[in-house]
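Let's walk through this structure together, one chain at a time.

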Amino acid sequence: MLLPYAPWLCWLIPIIGTAVTPLVGVIRRKFSGYLAVLSIGVSALFSFSMIPDIYFGTAPSDLTIPWISNSIIQVGVLVDSLSVLMASVITCIGFLVTVFSVAYMQEEPSLARFWFLIQLFIGGYVVIVMADNLLFMFIGWEIVGICCTGLAAFWYKDSNKAHMGLKTFLILQVADVLLLASILIIYAYSNTLNITELSKNNNWMGELSRSGLLFVTALMFFGGAVGKAAQFPLQEWLPDALAASPSSFNALTECLAGPFLMARVLPIFHQASLMGYSGMINFFLVMTFMGALTAVISALIAMTQANIFKVLSYGISSVIGYMMAAFGLAGLMTDMSWGYLAGTFLLTVDAFVSALLFLTAAYISYAVGSDDLHHMGGFKSRIAHRSMEVGALALGGIPPLSGFWCTNWIQTVAWDLAEEAGIKGQFILMISSYVVFALLIVGAGITAFYGLRMMGLVFSSEEKVPKKIPSLMRISLVATLAITMFLDFLALLLIPSFNKFLLPLLETLTFSNIVDVLIYIVPSISTVLTCVAVAVGGYPAYQVYVARRVNPVKLIERHRFLGKIHGFLWNRFYIDALYYKVADFFGRSSKLVYKYLECSIDALNYGVAGFFRRLSSVLYKYPELRGIDALNYFLAHWVTLFARRFRKTQTGVLSYNMLTAFVGVIMLIALLLLFGGVIP
Amino acid sequence: MILHASLLAIILPIFSAILIYVFGKYTEKYVGWIATAMASLSVCMILSMVTDVVEKVSIRDTYVWIPSIELKLGFVVDTVSFTIALIVAVVSALSCFYSIKYMENKRGQTGYYASLLLFMAGMIGVILSANLIQFYLFWELMLIPSYFLIASWGVSKKRLTIGFKYFIFTHIGALFMLMGILSIYAFTGTFDLPQASAEIPPTSILTVFALLLIGFSVKMAIFPVHTWLPDAHSEAPTPISAMLSGVMIKCGAYAFARILLSGFGQTVTQTSDVLAILGVVTMIYGGLMALAQTDIKRLLAYSSISQMGYIFFGLGVYSTMGATGALFHVVNHAVCKSLLFMCAGAIIHQTGTRNIRRLGGLADKMPITCAASLIGALSLAGTPPLNGFWSEWMIFSGGISSGKILITTIAVVSTAITAGYYLWFIWRAFFGTTPKELENTKEASWLMCIPIIILAAIAVVVGIWPDIVLTVLSAPF
């Protein structure tokens with residue numbers, strides 16, 4: 001079944017397409033779009049072709065070719081259920097988005113740049129999921145980050161949007177250097193970068209743990225995922241980037257690479273946790289809490305935002321919080337398969353739900369010419385409404401759509417973990433699990449609120465004359481809707497097959513049929529509480545935004561306390577402002593260091609030079625001019641003086657000369673007599 | 001290979017410099033083209049030796065020089081020196097080509113090109129030298145013409161002061177180095193490149209090491225002896241800045257690798273903590289200083305200091321991976337920094353300002369410059385799959401493998417600063433709204449764009465296929 005070289009070509013084709021795009025763009029502007037449809041479509045075909053092999057267990061597992069000779073650095077692909085699943089999801093959504101974008105972007109003058117970035121993005125994304133070693137994965141990771149930046153700053157003439165690109169890059173870079181540092185440490189301890197080898201041989205984790213670095217390394221690794229996945233506290237880039245970039249791109253949900261990364265390494269980390277290496281339990285606790293906190297915080301912020309893309313990006317950040325919590329819980333449990341399956345299933349389904357929501361938002365904003373929720377009302381389009389309903393209700397956890405099952409599933413895992421910990425007597429773990437459980441339930445309520453609010457505002461009834469929408473956009477949206485509805489409504493039926501598909505990673509079959517799923521998820525305290533939370537969260541939203549019994553603006557004006565909360569949420573917990581303060585601090589401190597340290601070092605240099613110059617002038621004056629040179633003149637002067645006096649004895653008279661010669665001879669004789677010694 | 005290729009690679013630029021200057025009257029009109037041709041010929045000479053280097057044969061050409069003191073003129077071409085010499089020659093030739101348009105209407109054309117060629121010859125001579133005294137002579141040979149290039153063709157009125165500062169600083173460094181060289185001669189009785197330090201008594205080895213290290217550090221502009229660099233590199237005409245920042249300061253790194261790593265291995269191991277810390281301090285300090293700049297060329301100059309910190313760190317941790325990575329970074333930084341300087345030159349030439357705050361929205365007016373700047377900046381910020389990523393990866397992985405986990409982690413995290421100031425520069429210069437006075441800006445002339453395109457292409461190709469360099473590059477131990 002496997003098409004030849006499918007594991008390679010599924011990412012190589014988009015990258016080749018990227019390289020060709022500028023040339024094609026020069027020949028004819030529109031061709032670049034068709035090229036992208038072709039390359040991503042073919043890439044999707046190659047990705048799909050690997051699914052049957054995984055299902056029947058006939059796929060080759062790890063293929064590598066050397067990249068840099070005599071070194072560990074290789075290009076390699078890992079063909080396993082997780083990678084094939086994600087590659088298929090990404091290329092499938094990628095294809096739908098590409099078809100959508102061909103119509104959506106048709107009036108854009110710099111089309112080639114757009115398609116260059118989109119294809120590179122998809123190529124890089126597939127590299128992340130297919131890579132068999134951490135370094136190659138990191139390369140895909142960075143490519144995706146760069147493309148996000150490029151697309152956020154796509155309309156670079158707008159200073160604000162260009163600035164969002166810069167911001168995106170910087171926040172992602174902070175996360176990426178953490179990831180890179182942890183990859184380097186892992187490499188130093190394990191001497192390999194290959195994911196399969198890392199999981200087979202886990203001595204390295206023992207050594208890391210003995211040197212006390214395991215917790216920090218794992219945390220830095222997680223830091224990379226936190227950045228890309230827009231988790232608290234690094235979530236601020238996503239809403240701004242998505243609001244600035246061409247809207248159709250948003251449906252590609254780059255932030256899902258974050259939970260994927262954790263899903264990829266979770267089995268390795270879980271092993272370490274099972275072996276009792278110190279630090280691992282704490283790491284998973286941090287991970288779970290961060291996930292649960294993000295689920296609540298992002299959902300809270302999503303309640304107030306006006307820009308539909310910001311609402312959706314906080315929404316996806318919140319959903320990823322659920323995934324991260326699921327993975328964290330999986331790591332804490334003895335059998336990780338419950339949490340792991342829940343996280344990966346949510347990851348798969350949410351990729352489509354988010355794609356649908358983002359495409360719908362792009363569709364509506366194209367029609368009404370605004371991204372603001374309050375301007376979107378009155379757009380009468382059956383497709384848009386159905387898509388919005390399917391997406392928002394799935395997101396909001398309304399049974400029997402997928403969101404309901406997934407959140408419940410994760411909450412049940414948390415509850416189970418609390419019980420497991422209670423039996424083992426680990427009370428801190430037990431309490432933490434209960435807290436996480438409670439946070440996730442609260443998150444479900446808030447999600448229901450913002451989901452309904454978004455829906456209500458989009459469906460409000462003022463009449464508007466929309467722009468004509470190209471049929472290609474409609475076709476693509478309908479296709480996305482169909483796929484999402486299939487996943488959404490049949491979620492329950494799909495879970496056992498999903499489990500079977502992921503079996504090679506898990507080794508235990510958790511859900512062999514639908515009855516298992518029902519027994520696990522439905523009769524739990526979580527179901528009851530989720531329903532209550534959804535009702536509590538959904539009711540006010542329904543009253544205010546759907547039934548429109550209360551005017552929200554007046555409500556805020558009347559209750560000052562509500563107004564304050566609204567302000568706090570509207571300003572996104574002031575995290576963004578804090579980042580600007582930090583950036584400003586760096587800028588300012590660099591200027592201060594420049595002014596004081598750098599300039600004083602320079603002044604010191606000049607000072608030293610000046611000192612020598614002064615020293616030399618002093619030396620020139622005293623020892624040189626007044627000392628040695630003066631001595632010279634002094635000597636010359638005395639010699640001259642002496643000579644002048646002595647000259648007077650030179651009279652030239654013969655008698656004087658004779659007399660002197662005579663005196664000389666007598667003196668010689670006298671000397672000889674005195675010192676001459678005896679003649680032998 | 002061509003016979004005497006290594007000698008020819010140095011002699012050709014020297015002779016052509018003399019001829020160009022002597023026959024200045026006749027050559028004035030085409031002097032840029034002639035100089036470029038001669039520089040390219042020198043590139044070809046070095047390139048001709050590639051076959052031997054690939055087979056790991058080290059070429060040693062020796063000529064009788066002063067028989068009475070048994071001094072020979074020697075050149076060594078092996079996996080350490082070949083790539084560095086090649087990149088020096090390539091960057092010099094491209095800068096020469098770039099100058100044709102950039103220096104078009106400046107006075108003293110023949111003197112400029114003659115100095116440039118001498119400067120180039122000095123640098124290649126330093127890299128290929130097989131004995132220390134010859135090394136020192138070429139070291140000074142590269143100083144003198146570069147002093148003239150700054151002092152006579154500098155951009156502002158301060159050029160004489162700055163040129164003087166540059167001269168004094170590097171000359172004092174060179175004197176430290178000379179003392180080191182003479183001490184080695186006193187102990188070993190030979191000027192040959194030291195192979196192992198066994199003959200130097202252990203009591204004085206640290207002193208000799210320190211003398212040489214100070215000499216090289218001044219050239220590499222390691223904190224706190226770096227203050228000459230931002231002045232000199234921003235004052236020089238842009239093609240010369242590209243050579244100074246791109247390749248001249250690398251001579252210090254090369255000397256570190258060639259003399260200290262292979263001759264003083266033990267001492268480097270002993271002091272490697274200090275060296276690594278010095279490297280990281282330079283890295284962070286240079287980056288912070290770059291963040292504070294608004295002048296394009298000063299920003300790039302401070303960035304060079306920061307990047308030399310990476311190289312110093314890679315050499316200082318004393319591991320094969322780190323040293324190979326550092327030498328690879330010498331090549332990559334040479335490509336990217338000269339690329340960035342040329343882009344900055346194109347911006348300055350086309351807009352007439354060097355203040356980043358006065359720029360904006362140039363991306364659609366100067367698309368080639370914009371794309372090339374992005375490539376250069378992202379590469380130096382360590383973004384894969386561009387060339388800078390590989391060398392930074394190797395440097396850091398060398399640091400980790402020699403057990404310096406904390407300091408390497410700090411170094412890795414501090415690369416975010418690099419991303420910060422480069423992206424800020426790109427964002428301010430190329431994105432956003434265009435100021436009114438820059439509305440009519442056009443892309444630079446093709447004569448300036450061609451070297452930019454070549455360098456950008458090298459950055460991308462080496463990034464995707466790093467083996468192209470790494471097969472002919474290895475650590476000196």
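Chain A of this predicted model contains 27 helices and two strands. How spread out is chain A? Its radius of gyration is 39 Å, whereas the globule rule gives 26 Å for 680 residues; the value is well over that, so chain A is more spread out than a compact globule. You can follow this in the C-alpha trace, which spans about 150 × 60 × 60 Å along its principal axes. The chain is divided into domain 1, covering 133-570, and domain 2, covering 576-661. Between the centres of these two domains of chain A, taken over C-alpha atoms, there are 75 Å.

Now look inside chain A. Of its 680 residues, 51% count as buried. Contacts also tell us how the sequence folds back on itself: among those between residues at least 6 apart in sequence, 79% join residues at least 24 apart.

For a covered piece of chain A, find helix α11, residues 237-244. Eight of its eight residues are buried, among them A:W237, A:L238 and A:D240. What do they pack against? The buried residues of α11(A) pack against α6, α7 and α14 (308-332) of chain A. In the loop between α10 (214-228) and α11 of chain A you will find A:P233. The peptide bond leading from A:F232 to A:P233 is cis, with omega near 5 degrees.

A:Y574 is not a glycine, yet it has a positive phi of about 60 degrees. Is this residue, A:Y574, buried or exposed? A residue with 12 or fewer C-beta neighbours within 10 Å is called exposed, and A:Y574 has 11 inside 10 Å, so it counts as exposed.

Next, turn to the place where the chains meet. Here 35 residues of chain A are in contact with 34 residues of chain B. On the chain A side, the elements giving two or more residues are α6 (134-152), α7 (159-190) and α26 (575-647). Of these, α7(A) gives the most, with 15 residues. Sorted by class, this side of chain A has 23 nonpolar, seven polar and five charged residues.

Chain B comes next, with 19 helices and two strands. Its radius of gyration is 21 Å, close to the 23 Å that the globule rule gives for 477 residues, so chain B is as compact as a globular protein of that length. The C-alpha trace of chain B spans about 70 × 60 × 45 Å along its principal axes, and 65% of its 477 residues count as buried.

Strand β1(B), residues 59-66, has eight residues, and the number buried is zero, so the strand lies largely in the open. Seven bridges join β1(B) to β2(B), residues 71-77, and the two run antiparallel. In this pairing, B:T62 stands opposite B:G74. Together β1(B) and β2(B) form a hairpin with four residues between them, and in the turn B:E70 has a positive phi of about 55 degrees. In the loop between α4 (50-54) and β1 of chain B sits B:K56, which also has a positive phi, about 60 degrees, although it is not a glycine.

Definitions and conventions: Residues are numbered from 1 along each chain as its sequence is written. Chains are lettered from A and ligands numbered from 1 in the order in which they are written. This is a predicted model: local features need pLDDT of at least 70, side-chain atom pairs count only at pLDDT 80 or more; totals for chains, interfaces and linings use all residues. Domain bounds come from an automatic or database domain assignment. The radius of gyration is taken over C-alpha atoms; the globule rule is 2.2 Å times the number of residues to the power 0.38. A residue is buried if 20 or more other C-beta atoms lie within 10 Å of its own, exposed if 12 or fewer, and partly exposed in between; C-beta atoms are placed from the backbone. Two residues are in contact if their C-beta atoms, placed from the backbone, lie within 7 Å. Ala, Val, Leu, Ile, Met, Phe, Trp, Tyr, Cys and Pro count as nonpolar, Asp, Glu, Lys and Arg as charged, and the others, Gly among them, as polar. Two strands pair if DSSP finds at least two bridges between them.
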